[in-house]
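Work through the exercises below with the sequence and the model open beside you. Try each task before you read its solution.

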Amino acid sequence: MSSSQPAWFQAGAGHVWRPYCQMKTARPPLPVARTYGSRIVLEDGRELVDGLASWWIACHGYNHPHIADAVRHQLDLAPHVMFGGLAHEPAYRLAARLAALLPGDLDHVFFAESGSVSVEIAMKMALQFWINRGVAGRTRFLAFSGGYHGDTLATMTVCDPEEGMHSLFAGVLPDQVIAGLPVDPRSEAALDAVLATHAGQIAAILVEPLVQGAGGMLFHESEVLRQLRALADRHDILLIFDEIFTGFGRTGTLFAMEAAGIEPDIVTLSKALTGGTLPLSAAIASRRVFEAFWSDDPGAALMHGPTYMANPLACAAANASLDLFERGDWSADVARVSTGLADGLEPCRQMAGVVDVRVLGAIGVVEFAQAVDVGALCAAFADQGVWIRPMGKVVYATPAFMIGDDDLARLTGAFRAVLAQGGRDG
Ligand SMILES: *Cc1c(COP(=O)(O)O)cnc(C)c1O
């Protein structure tokens, strides 16, 4: 097998440390030659329909010519300049456009390079918001079971402590308050009581609106978000929405918060922000949060500035991606993909080991009672000409919005063919 691998793969395989992977026992990764549309072309010539849009980012498909042109143009002008003391058009245009697209007065955009870092910045903003206002003791966060906010040290503390990938670090990291989402009157009362007990210690509530992604593609009603806004207001706590996964159309509205008709005090964006071409993220604050930093006192400033923040290439890609959103086909495409996933995955409900099939926007999920065998399923899907990589108990699809009907049918057909043989006892 390895002799058929390309030379670059053989040369590097002993040196690359792979993500989320017990490398001793895992199957080797699939060498990729190139991508286009909703397809990944492997080095061995096979072509896979990508069911994941590369960890949920390539919403317009790969190699979109409008985004590629914008990046090429910016590459000739200025690939990067430091953002301290210098300004450039791609970032300033993007900040103004994001502020205009986001509801309410979420108008103050702080750029970074990755999702986890933007969550860390949102947490730092929330902590300093209270310090700047002279309120002591607001040192903790309230987050939710099933939540995922990143892999860096501070974001690990606000992930689900048991289900998440970070349970090894219990006791090492600061202890946050982890609660159940307020999904019914009982859990609402329970959360209200938790907040009443801890309000003086909590800087912010942190939640992924509508869909908890990496924690298991768990959906909740928009009413939950209205409850959280009301509870945050009642206890005078900031509310942070992590829309890194849900932002940019994935759930059917441009931002998940629109489904609830309320706004958080800070929102984080990344993943599909550049249409999946370059790393970029943002923590975007409301006027109230920003004003707590606006002062004659230099000590009240936000002392943060990642070296590559607001990278011009990434901002150019994001502006081009927003152009594509403005053209407006995405909404009908998400509805079409949603129907295709719902119809195509429904038969999986009857299969052995399956406990739920659910679809929201361009997210389709088949949940098993037990964790599945990720490696075996990846290989079985690849044999069907499809790229799918399950997480825990869920086998899910988050394709590009523009995926053709034929590829979508091939994708859901592969779910039916592969999952009929069960989750292969992960
Ligand atoms: C992916 C993700 C993150 C982390 O983003 P990275 O770019 O991987 O650091 C944080 N929050 C949510 C909701 C995510 O889906």
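A crossing of two helices is called left-handed if the near helix is turned anticlockwise from the far one by less than a right angle, and right-handed if it is turned clockwise. Helices are DSSP runs of H or I with at least four residues, numbered from the N terminus. The model is a predicted one, in which local features need pLDDT of at least 70 and side-chain atom pairs count only at pLDDT 80 or more, while totals for chains, interfaces and linings use all residues. Residues are numbered from 1 along each chain as its sequence is written, and side-chain values use heavy atoms, with hydrogens and water left out.

**Exercise 1.** Describe how helix α12 and helix α14 cross, and name the residues that make the contact.

*Solution.* Begin with the axes, which are lines fitted to C-alpha atoms over the stretch in contact, with angles running from 0 to 180 degrees between N-to-C directions. The axes of α12 (residues 329-345) and α14 (residues 405-419) come within 9 Å and cross at roughly 30°. That makes α12 roughly parallel to α14, since angles under 35 degrees count as roughly parallel, over 145 as roughly antiparallel, 65 to 115 as roughly perpendicular and the rest as oblique. Next comes the hand, and the crossing of α12 and α14 is right-handed. Finally, the contact (heavy atoms within 4.5 Å) is made by Arg336, Val337, Gly340, Leu341, Gly344 and Leu345 of α12 together with Asp405, Leu408, Thr412, Phe415 and Arg416 of α14.

**Exercise 2.** Apply the steps of angle and hand to helix α4 and helix α11.

*Solution.* The axes of α4 (residues 89-101) and α11 (residues 312-327) come within 9 Å and cross at roughly 40°. That makes α4 oblique to α11. The crossing of α4 and α11 is left-handed. On the side of α4 the contact includes Pro90, Leu94 and Leu98, and on the side of α11 it includes Ala316, Asn319 and Leu322.

Technical notes: Helices (H or I, at least four residues) and strands (E, at least two) are DSSP runs, numbered from the N terminus.
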